[in-house]
Amino acid sequence: MGGRAAGRSGRGDRIGIVGGGIVGIALARALSQRGHEVTVLEKEARLAEHQTGHNSGVVHAGLYYKPGSLKAELCAAGRVLTRDFCAEKGLPYREVGKLVVAVDESELGALADIERRSIENGVPDLARIDDVGRLREIEPHVAGIAAVHSPHTAVVDYASITESMAQDVRAAGGGIRLGHEVTGIRLEHGRVRVTTPVSDDVFDRLIVCAGLQSDVVAKLVGADPSPKILPFRGEYWELAPERTDLVKGMIYPVPDPRFPFLGVHFTRGVYDNVHVGPNAVPALAREGYGWLTISPKDTWQSLTWPGAGSLAKQHWRMGVDEISGSLIKPLYYGKARRFIPELRMSDLAHKSAAGVRAQAWGRGGELLDDFAVDQVGPVTLVRNAPSPAATSSMAIAEYLLEHHLAATTA
Ligand SMILES: Cc1cc2nc3c(=O)[nH]c(=O)nc-3n(C[C@H](O)[C@H](O)[C@H](O)COP(=O)(O)OP(=O)(O)OC[C@H]3O[C@@H](n4cnc5c(N)ncnc54)[C@H](O)[C@@H]3O)c2cc1C
């Protein structure tokens, strides 16, 4: 975590927010509901165009995160806030429940770690399951020898939630400007001048929630280029509609603790489709949703990042495995079939929209696991908001108000 707010802001301040993903819009909502004049600048033609609109749609219950971390704290609080918001607005919220399944004995140690963490994190109604009969009651087609079950893990539509929160912002008088890409940020006498190709504003405070571009925007204000965002694409397959009965809720592998991603899993989405994924392959552009979207600049910057060598050394084996699975369907299928032996290759009917994760890494190639925020004068920079930041968005907003925009909550 970076330093706390250098200055304090008060009612009547003009507050700018860069980024119309779920984190920026949740913050705009929290501020505008407290009577602040808020303007969101979003470069795309609509909200939730990147990570927020391209994810698994899971409301996590906090199983994995290091106890005491911001992720653990804000995920737990964010789940409840998201649930209540969906209830209030009549948005779909389905507690389909989640099983983390150990398929063989080699995974039992890591499963026990997850169980311990879940208990420390206060995951509600978590159950350890060692009885295969009970496992099959929850997921009739699953193969495994043990599992933990989180019945309150839910699914939602994060793009709709963002849109609904944006309506609250507008109703409270806040401005949301689409097609406004922030290209310049300058500090001027304790205030912030923010320019886009079509606008020029001076704000008292600026909060940057730019997801995949968070390091790029941080550099505009002269902040440390580290942590750097290295984009990782996650690809999904969709189960054929006539085979979605293979999955009742969510089936997750026991994740490899050396790797930041959760592994290919099955999720019954809020609209009853079942997707399988995501994997994690290096993206060749920050917003590269397929192998053919290549940004020479982004790729060059990733390859020349001082931590890239050490990262590649640590994770090359996993990288080769994930890339092979992306290019060769039977390999992807093989991973999925471990959990559902009845799965046929043809059940993976088609690929659905991929997502690109903004994962922050330090100069030495070390993963930045927890949420991270920096402060440069009146500019607050959300530097790392990976999963479960969609689950946590409303709690992240409250955290930023309390710790970085203290006087605005008064
Ligand atoms: C494949 C995948 C699966 C995931 N699954 C889950 C899940 O199941 N549950 C969960 O809780 N989390 C999940 N996540 C993580 C979650 O989606 C993100 O943590 C969350 O959406 C981050 O929100 P954000 O607002 O920070 O970023 P984003 O949604 O990426 O929004 C950032 C916004 O900033 C804008 N922007 C960038 N630069 C500029 C600029 N210069 N000027 C103006 N605007 C700019 C972008 O256009 C974008 O709209 C997943 C992520 C991925 C990719």
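A salt bridge here is a side-chain nitrogen of Lys or Arg within 4 Å of a carboxyl oxygen of Asp or Glu. With that in hand, meet Arg-286 and Asp-215, which form such a pair with their closest N and O atoms 2.7 Å apart. Please keep in mind that this is a predicted model.

Contacts link 40 residues of domain 1 with 44 residues of domain 2.

The size of an interface is often given as the accessible area lost when the parts come together. For domain 1 and domain 2 that area is about 3300 Å², with 55% of it on carbon and sulfur atoms. On the side of domain 1, the residues that lose the most area to domain 2 are Leu-63, Tyr-64 and Leu-212, together 24% of what that side buries.

Polar interactions also cross the interface. The rule finds two salt bridges between domain 1 and domain 2, and 18 residue pairs are in polar contact, both partners at pLDDT 80 or more. Several elements give two or more residues to the side of domain 1 that touches domain 2: strands S3 (58-59), S7 (154-155) and S20 (379-384), along with helices H2 (70-89) and H6 (214-220). Helix H2 provides the largest share of that side, three residues. By residue class, the side of domain 1 that touches domain 2 divides into 19 nonpolar, 12 polar and nine charged residues.

**Backbone details to look at**

A few residues deserve a look at their backbone angles.

| Residue(s) | Backbone feature | Value |
|---|---|---|
| Ser-226 and Pro-227 | cis peptide bond | omega about 5° |
| Ser-387 and Pro-388 | cis peptide bond | omega about 10° |
| Ala-48 | positive phi, not glycine | phi near 60° |
| His-189 | positive phi, not glycine | phi near 50° |

Pro-227 sits in the loop between H6 and strand S13 (228-239). Pro-388 is in the loop between S20 and helix H10 (389-403).

Ala-48 belongs to the loop between strand S2 (37-41) and S3, while His-189 lies in the loop between strand S9 (184-188) and strand S10 (191-196). Are these two residues buried or exposed? Ala-48 has a relative accessible area of 8%, so Ala-48 is buried, the cut-off being under 20%. His-189 counts as exposed because its relative accessibility is 84%, and exposed means over 50%.

Conventions
Residues are numbered from 1 along each chain as its sequence is written. This is a predicted model: local features need pLDDT of at least 70, side-chain atom pairs count only at pLDDT 80 or more; totals for chains, interfaces and linings use all residues. Side-chain values use heavy atoms; hydrogens and water are left out. Contact means heavy atoms within 4.5 Å. Buried area is the accessible area (1.4 Å probe) that two parts lose on being put together, summed over both. A polar contact is a pair of N or O atoms within 3.5 Å; within protein, one must be able to donate a hydrogen and the other to accept it, and residues adjacent in sequence count only if both atoms are side-chain atoms. Helices (H or I, at least four residues) and strands (E, at least two) are DSSP runs, numbered from the N terminus. Ala, Val, Leu, Ile, Met, Phe, Trp, Tyr, Cys and Pro count as nonpolar, Asp, Glu, Lys and Arg as charged, and the others, Gly among them, as polar. Buried means under 20% relative accessible area, exposed over 50%, partly exposed in between (1.4 Å probe, protein chains only).
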